[in-house]
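Morning, everyone. I'll take you through one structure, from the overall build to the ligand. Have a look at it first.

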Amino acid sequence: MQREAVEQLSRELAGKSPEKILRSAVDFFGASQVALASSFGAEDQVLFDLLHKAQLPVTVFTLDTGRLPQESYDVLDSTRKHYGHEIEVLFPETSAVENMQSRYGPNLFYESVELRRECCRIRKVEPLKRKLSTLTAWICGLRREQSVTRSAVAPIEWDGAFGLYKINPLAEVTEEWVWEYIKSNHVPYNALHDRGYPSIGCAPCSRAVKPGEDIRAGRWWWESPEHKECGLHREKH
Ligand code: SF4
């Protein structure tokens with residue numbers, strides 16, 4: 001795959017609608033080479049709906065870390081049923097979780113940034129790596145306004161951390177746009193959003209935020225903002 005051709009396409013797609021970015025990127029890479037990574041957050045649900053409406057035969061997969069809130073399993077189930085679409089569920093390697101938890105205990109993520117990242121690596125990054133090694137590009141729900149670490153997100157970019165392209169159809173949309181889409185298209189969404197959770201990950205590492213607070217303030221709230229990625233979206237080159 002020519003890096004220049006992808007960069008050219010990404011430039012052409014700047015400022016275009018999420019539908020246009022999604023369709024053009026899937027056409028470019030080929031549907032069998034692309035998958036949507038979903039954690040059933042608001043943005044991922046919009047992407048699921050857009051893929052469904054555009055009838056793009058793209059695999060949707062999710063990472064079951066073993067520490068998700070019940071509400072995330074509920075929305076996984078309601079999404080499967082609503083769209084009649086299979087969702088591939090990836091689990092961490094059993095022995096790695098057993099060793100980590102035996103050595104450091106069940107709440108290791110609160111003890112240090114290093115242990116929190118180790119938990120994210122074992123429960124999220126390694127299963128994700130396994131899946132991404134079979135693809136040319138993955139679709140993500142990243143938006144520029146989500147955090148300081150996401151302010152330069154492009155429609156399509158090289159993902160140096162995993163060695164494939166990342167498609168970001170929602171790079172330029174606002175939170176208001178996402179919720180307007182969800183409501184007007186009757187898209188299923190995680191019940192925790194109505195309880196003040198703008199961003200939902202594992203249960204012990206997500207909490208509600210106050211009105212006006214940064215939308216990532218409820219994730220790993222005990223860490224400073226520049227540390228707040230789980231290894232899924234850290235490197236850009
Ligand atoms: S978000 Fe928390 S519980 Fe989930 S993998 Fe990362 S550190 Fe572990």
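The protein chain has seven helices and six strands. Helices (H or I, at least four residues) and strands (E, at least two) are DSSP runs, numbered from the N terminus. Its radius of gyration, taken over C-alpha atoms, is 17 Å.

A word on the source. This is a predicted model: local features need pLDDT of at least 70, side-chain atom pairs count only at pLDDT 80 or more, and totals for chains, interfaces and linings use all residues. Residues are numbered from 1 along each chain as its sequence is written.

Now the sheet. What is the order of its six strands? The order is E3-E2-E1-E4-E6-E5, in an open sheet with mixed pairing. Two strands pair if DSSP finds at least two bridges between them. Strand E3 (88-90) and strand E5 (156-159) stand at the edges with a single partner strand each, so one side of each has no neighbour in the sheet. Look at E1 (residues 34-37) and E4 (residues 137-139). They run parallel, joined by three bridges. Val34 has Ala137 in E4 as its bridge partner.

Last, the ligand. Which residues are closest to the ligand? They are Phe109, Cys119, Cys120, Cys202 and Cys205, out of 13 that surround it. Near here means a C-beta atom, placed from the backbone, within 6 Å.

Terms used. Rg over C-alpha atoms; globule rule 2.2 N^0.38 Å.
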